[in-house]
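Please keep the structure in view while reading.

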Amino acid sequence: MLKHRGFPGRYPGTDFQFTIRRANPKGITPLTRRERYADRRKLDRQVDEAFMAALWEYFGEEPFERGNLDAGRLSWLFGREVVPAEEPFDPASYEAMLKIDIDRAQASFPEVFAEGSAWDWDE
């Protein structure tokens, strides 16, 4: 499993994790599309935005390997802002290649892509 060195491990001040430390010995958690309902808590929406900002800052427009990125956190964006970058796609592989769908990501998280925006990871 590829470890993305320098990628934020979690949302500051919370237990919302962005990465995992080691591979799951019970099996890889597959990526699935999770529905984001309009009544989600404000903190949940902030964490999604921060994770999208981290993906954008770390990977940009380039395809990236899933590696140690948390499946639960990725699943909130998967199928919308984050899409498979290869066919066939194995949702239960740490080597699966993903990419940011920039148009959808900009529509969902305009603040992340605003001119001059940068996330403050020391909050």
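On a 1 Å grid over the protein atoms alone, a cavity is a set of points where a 1.4 Å probe fits but cannot get out, whereas a pocket is an open set with protein on both sides within 12 Å along at least five of seven lines, and lining residues have an atom within 4 Å of a point. The model is predicted, so local features need pLDDT of at least 70 and side-chain atom pairs count only at pLDDT 80 or more, while totals for chains, interfaces and linings use all residues. Residues are numbered from 1 along each chain as its sequence is written, and side-chain values use heavy atoms, with hydrogens and water left out.

**The largest pocket**

The largest pocket holds about 230 Å³ of space, where grid points are joined across faces, edges and corners and a volume is the space filled by probe spheres set on the points. Its lining is made up of Lys 3, His 4, Arg 5, Gly 6, Gly 9, Arg 10, Gln 17, Thr 19, Ile 20, Arg 21 and Asn 68. Sorted by class, this lining has one nonpolar, six polar and four charged residues; here Ala, Val, Leu, Ile, Met, Phe, Trp, Tyr, Cys and Pro count as nonpolar, Asp, Glu, Lys and Arg as charged, and the others, Gly among them, as polar.

**Helix α1**

Helices (H or I, at least four residues) and strands (E, at least two) are DSSP runs, numbered from the N terminus. Helix α1 covers residues 42–59, and its 18 residues should span 26 Å at 1.5 Å a residue, which agrees with the 26 Å between its end C-alpha atoms; the expected span is 1.5 Å times one less than the number of residues. Among the buried residues of α1 are Val 47, Asp 48, Phe 51, Leu 55 and Phe 59, where buried means under 20% relative accessible area, exposed over 50%, and partly exposed in between (1.4 Å probe, protein chains only). The buried residues of α1 pack against several elements, including β1 (64–65), α2 (71–75) and β3 (97–100). Just after α1, Gly 60 takes a positive phi of about 60 degrees.

**Aromatic rings**

Rings of Phe, Tyr and Trp (its six-membered ring) pair if their centres lie within 6.5 Å, and planes under 30 degrees apart count as stacked, over 60 as edge-to-face and the rest as tilted. The whole structure contains eight aromatic pairs. One of them joins Phe 7 and Tyr 58 edge-to-face, with 5.3 Å from centre to centre and 80 degrees between the planes. Because Phe 7 lies in the segment before α1 and Tyr 58 in helix α1, this pair ties together parts that are 51 residues apart in sequence. Ring pairs also link Phe 7, Phe 18, Phe 51, Tyr 58, Phe 59 and Phe 64 into a cluster.

**Single residues**

The table lists the relative accessible area of some residues.

| Residue | Relative accessible area | Class |
|---|---|---|
| Phe 7 | 7% | buried |
| Tyr 58 | 33% | partly exposed |
| Arg 40 | 13% | buried |
| Glu 95 | 47% | partly exposed |
| Phe 64 | 2% | buried |

Phe 64 lies in strand β1. Leaving aside residues up to four places away in sequence, Phe 64 touches, among others, Leu 55, Phe 59 and Val 82, where contact means heavy atoms within 4.5 Å. Arg 40, placed in the segment before α1, is in contact with Arg 45, Asp 48 and Trp 76 once neighbours within four places in sequence are set aside.

The loop between β2 and β3 holds Glu 95 and also Pro 88. The peptide bond from Glu 87 to Pro 88 is cis, with omega near -5 degrees.
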